[in-house]
Amino acid sequence: MGKQLHEELVAQDKNNKHTSYISGPWFDMYLSARDSVVLNFNPFMSFNPDPKTEYNDQLVRATNMVCSAVRFMKTLRAGVLEPEVFHLNPAKSDTDGFKKLIRWVPSSLSWYGAYMVNAYPLDMSQYFRLFNSTRIPKRGRDELFTDEKGRHLLVMRKGNMYVFDVVDRDGNLVKPAEIQSHLKYILSDPTPAPAFPLGVLTSENRDVWAGLRDKLVAAGNAEDLRMVDSALFCLCLDDESMKDHIHVSHNMLHGDGCNRWYDKSFSVILTKDGQAAINFEHSWGDGVAVLRFQNEIFKDTTEQPLVHPGSAAATTADSATAVRRLQFNLDSELENGITKAKENFDSAVSKLTIDAMEFKKGGKEQLKKSKLSPDAIVQLAFQMGYLRQYGQTTATYESCSTAAFKHGRTETIRPATIHTKQCAHAFVCQPGKHSVEQLKVMLHECSKYHGQLTKEAAMGQGFDRHLFAMRYLANSKGQALHSLYTDPAYAAINHNILSTSTLTSPAVNLGGFAPVVPDGFGVGYGVHDEWIGCNVSSYPARNVHEFLQCVQKSLEDIFTILEGKPLS
């Protein structure tokens with residue numbers, strides 16, 4: 001049966017050269033999920049502060065980010081955004097000379113020229129959904145909506161919703177001073193927070209929200225909902241200042257539920273003290289597209305800001321006319337729906353704990369000097385940490401982009417291997433039994449094997465998406481599932497207690513997401529030149545503080561061995 005499904009999948013793939021075999025099923029998986037997008041799907045990535053501290057003022061930074069976002073959108077739509085390329089040998093291919101040369105090669109041959117210098121152009125098909133896009137709740141399966149004609153921005157403050165144009169009729173960016181004036185107007189609007197903030201409905205179960213959305217339309221709100229859905233993106237201006245990075249994580253991952261529209265393809269969130277982050281809806285695209293956008297916005301706002309501290313907002317701008325606050329007609333049924341959604345939201349987020357760790361005794365530089373893969377070593381530290389805390393190995397998921405393929409999404413790297421199990425046991429359970437040299441050999445075996453798994457995943461050679469697509473195919477034909485899919489081992493490997501994702505970028509301070517199972521950890525991490533950071537979430541079934549202590553101890557042990565010292 002497996003062989004037959006595989007052959008059908010290959011035939012289907014051959015007949016659909018315009019896309020990848022995983023694209024349709026993956027969209028379907030996301031859009032058919034009925035759970036709330038909050039905690040279950042939407043992640044966040046926070047921006048580093050602007051190095052020029054006075055530019056972190058909420059109004060100045062918000063204005064600059066909106067202007068840079070519009071500049072990015074115009075570059076993207078004009079077809080002149082520099083392509084996303086994976087350089088295996090940057091010294092040869094990531095050069096102005098090569099870029100100039102490849103520009104004149106016909107596109108039918110340019111990929112060959114890039115391939116010759118080990119540069120791989122990546123799929124950018126997700127990018128068009130960055131702007132003017134929203135996930136619309138529908139019973140059974142949601143829909144993605146994009147309207148590139150929208151010229152307005154959606155702004156939220158205190159749960160109130162506002163719109164104003166940021167692109168003029170000729171397709172140009174509205175004057176930055178005018179955008180600043182409109183945002184200033186919103187920040188000083190005395191309108192109190194609504195008793196029934198509509199945004200919280202986007203945190204509801206998707207079928208419940210679909211039913212309430214139909215009622216909103218029936219109550220005469222179709223035009224205003226259309227404004228929300230077609231807005232370029234959502235800017236959330238929060239009235240709160242952040243106490244520490246844990247507070248930032250909670251605020252950017254979920255907030256209070258009232259000052260967000262979680263269905264927008266992405267929202268830029270700016271707190272009163274100028275901390276900024278992106279929270280994004282996950283069905284339309286993956287971290288790669290959002291990270292590229294975030295990197296460009298950070299670079300543009302910090303290197304070429306269009307407004308400055310002390311810049312006067314445009315006095316000629318008539319913000320009272322240009323800015324429209326959306327006002328929705330709500331009946332008692334909708335009011336009750338909003339109240340219930342807020343109760344459900346509060347209950348869900350109250351169970352989430354987030355903690356973070358910074359390991360300062362080494363990072364990428366030292367690991368590379370030791371000829372070890374930095375990612376492999378951090379993943380090994382998670383395996384050791386979990387073993388130290390719970391006395392066992394567990395199902396672990398690491399996401400890997402497959403954007404090297406047309407319409408690629410992600411593949412799973414499975415970091416828990418026979419090598420990590422052996423190595424973790426040696427470090428945690430029998431530290432005195434092995435010599436420093438023996439432990440070093442084990443570290444190198446883990447690193448080598450993890451590197452192989454990563455390459456296989458990036459090249460579409462993982463097993464997770466393949467098995468997923470065959471199951472999807474069997475389901476779509478109404479076939480009985482093969483016993484593999486009902487095997488407890490298959491259930492166990494897909495109950496990912498350690499769900500991990502990494503990103504490092506000059507623009508990003510930290511990223512985070514909730515666990516994917518009730519008894520899991522959501523592990524966001526970054527390996528920097530001299531240090532390693534982890535931002536981890538859990539529900540009450542797990543102790544995140546203890547887990548991070550165990551990971552810290554594991555990293556200390558690994559670096560002790562790399563220094564040639566025995567474990568004490």
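**The sheet and its neighbours**

Gly526 stands opposite Gly533 in strand 18. The model is predicted: local features need pLDDT of at least 70, side-chain atom pairs count only at pLDDT 80 or more, and totals for chains, interfaces and linings use all residues. Residues are numbered from 1 along each chain as its sequence is written, and side-chain values use heavy atoms, with hydrogens and water left out.

Strand 17 (residues 521-527) and strand 18 (residues 532-538) pair antiparallel over seven bridges. Strands are DSSP runs of E, at least two residues, and helices are runs of H or I, at least four, both numbered from the N terminus. Two strands pair if DSSP finds at least two bridges between them. The open sheet has six strands in the order 12-18-17-15-13-14, with mixed pairing. The twist averages 25° from one strand to the next.

Helix 14 (residues 374-390) lies across strand 13 (396-401), strand 15 (498-502), strand 17 and strand 18. Helix 14 runs at about 145° to strand 17. Axes are lines fitted to C-alpha atoms, for helices over the stretch in contact, and angles run from 0 to 180 degrees between N-to-C directions.

Now turn to a helix pair. The axes of helix 16 (residues 436-458) and helix 20 (residues 544-562) come within 9 Å and cross at roughly 115°. Val436, Leu439, Lys440 and Leu443 of helix 16 meet Ile558, Ile561 and Leu562 of helix 20. Contact means heavy atoms within 4.5 Å.

Helix 16 also gives the most to the lining of the second largest cavity, with four residues. A cavity is a set of points on a 1 Å grid over the protein atoms alone where a 1.4 Å probe fits but cannot get out; lining residues have an atom within 4 Å of a point. This cavity holds about 40 Å³. A volume is the space filled by probe spheres set on the points, which are joined across faces, edges and corners. The lining includes Cys446, Tyr449 and His450.

A pocket is an open set with protein on both sides within 12 Å along at least five of seven lines. Of its 22 lining residues, Asp13, Ser20, Tyr21, Phe405 and Gly460 lie nearest its centre. Helix 1 supplies the largest share, four residues.
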